[in-house]
Amino acid sequence: MYPNLYYAFKDIFGRAPQWLRFINSFGFFVALAFIAAAVVLTKELIRKEREGLLQSREEVVLIGKPASMGELILNFVLGFVLGFKLVGLFLTSPDPNFKVQDFIMSGQGNWLAGLGLGLLFAGLKWYEKNKQKLPQPQEKTIRIWPHDRVGDLTIFAFIFGFVGAKIFNSFETWDDFVRDPIGSLFSFSGLTFYGGLICAALAIWWYARKHGIGFWQLNDAAAPALMLAYAIGRIGCQVSGDGDWGILNSAYITDINSGKAVLAQTGDYERVTRQFSSAYASEFHGLEHVPHLAVKAPGFLPDWLFAYSYRGNVINAMNGSRIPNCMEADYCNQLPIPVFPTPVYETLMCLGLFFVLWAIRKRFKTPGNLFAVYLILNGLERFLIEHIRVNSQYTILGFHPTQAELISAGLVISGVAILWALNRRKTGARPGSDASAG
């Protein structure tokens, strides 16, 4: 696995600069996911604007006014934080035991870099405003299109999506949260996609309403982008080995030296689970509750696609199952019994669903229909994959669903309800009325 880019570059090129340890693989792919989503969303919004489905909005701005004290302070604070933490991070002595998360959440940093970058940001803002200063500030009317706001939408989605993902993950891993609530909330691992989706959707709904963007048209434009972002984000889960994997595949065991899956012989599964009984019992509340399924890979597909050991995973899962001769302080564990690499399955499925949504996006005439289809497809995909994923279960009326199963079922029901409501409203509309305004 590649917990950060240092390990990836070292594996590919044989050597790597130490500062690459500061760039986590999961965070890198999350950033790529947001960039890809922003590009797709922008392209789709521009198409809708050209077809007259989305309109611009005029806003009055004041030009020629010098920088206010609030603007200068805000830019100074932003520059100070970047300099204190980001520059301080790269000036920190590279140490194999160093963890970016601990550094960011600590009071450590470079004060000189913080002050210098803070003053630079404030100075640049003052210079920019001073260059445009007029003897008498004037009001100017400008036209802003929805695609001009993609930057703001992306920031809103990132902030509220991250917060929602952490909150929902805390509910999903309640025991860990109770043991260390601060560490659980402020760590960079442990994110629940649906929590991020729900909170980001609420924030974007508010933003769209405030700026007069057709809500259903925006949702339709975002549907393919969301599916693509999810597919790319799952690559980060697989590459880093963040624990978001499937149940054990008891048809295989892990070769200790190579980390590859090898076919298990009779009794191997029981022997290995007993050998690591404390770790399995701790994670699954007893050996009898360890979820597993025996599936052998067909001859035309590689074994790792069905059984993966997540060698050197970022969360150091399975203490005691250490990689021989591993010299690193961290990332030296592997799973003694390989699991189904569900992030790979979700990446492939969601990439396929992205192309489906992209292909059919122009066929729907009622705003909101494409987004409803996205909810149904997304919910079905996640509901199916949950059957071979490791997740905490709830007990409800004798059933034992996971949080993701409950939410994915809700998404499917919501998608069906939206399709029914929107098309019923359209069918019942009077001739010439705009029943599909969004």
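The model here is predicted, so local features need pLDDT of at least 70 and side-chain atom pairs pLDDT 80 or more, while totals for chains, interfaces and linings use all residues. Residues are numbered from 1 along each chain as its sequence is written, and side-chain values use heavy atoms, with hydrogens and water left out.

Helices are DSSP runs (H or I, at least four residues), numbered from the N terminus. The axes of helix 2 and helix 10, lines fitted to C-alpha atoms over the stretch in contact with angles from 0 to 180 degrees between N-to-C directions, come within 8 Å and cross at roughly 160°. The pair is therefore roughly antiparallel. By class, their contact (heavy atoms within 4.5 Å) has 20 nonpolar, 5 polar and 3 charged residues; Ala, Val, Leu, Ile, Met, Phe, Trp, Tyr, Cys and Pro count as nonpolar, Asp, Glu, Lys and Arg as charged, and the others, Gly among them, as polar.

Helix 10 (residues 215-240) also holds Arg234, which is buried at 7% relative accessible area (buried means under 20%, exposed over 50%, partly exposed in between, with a 1.4 Å probe and protein chains only). Leaving aside residues up to four places away in sequence, Arg234 touches Asp244, Pro343, Glu346, Thr347, Arg382 and Arg389.

Over in helix 1 (residues 5-13), the buried residues are Leu5, Tyr6, Tyr7 and Ala8. Helix 2 (25-50) is part of what covers them. Gly14 follows helix 1, with a positive phi near 90°.

Terms used. Helix = DSSP H or I, 4+ residues; strand = E, 2+ residues; numbered from the N terminus. Parallel < 35°, antiparallel > 145°, perpendicular 65-115°, else oblique.
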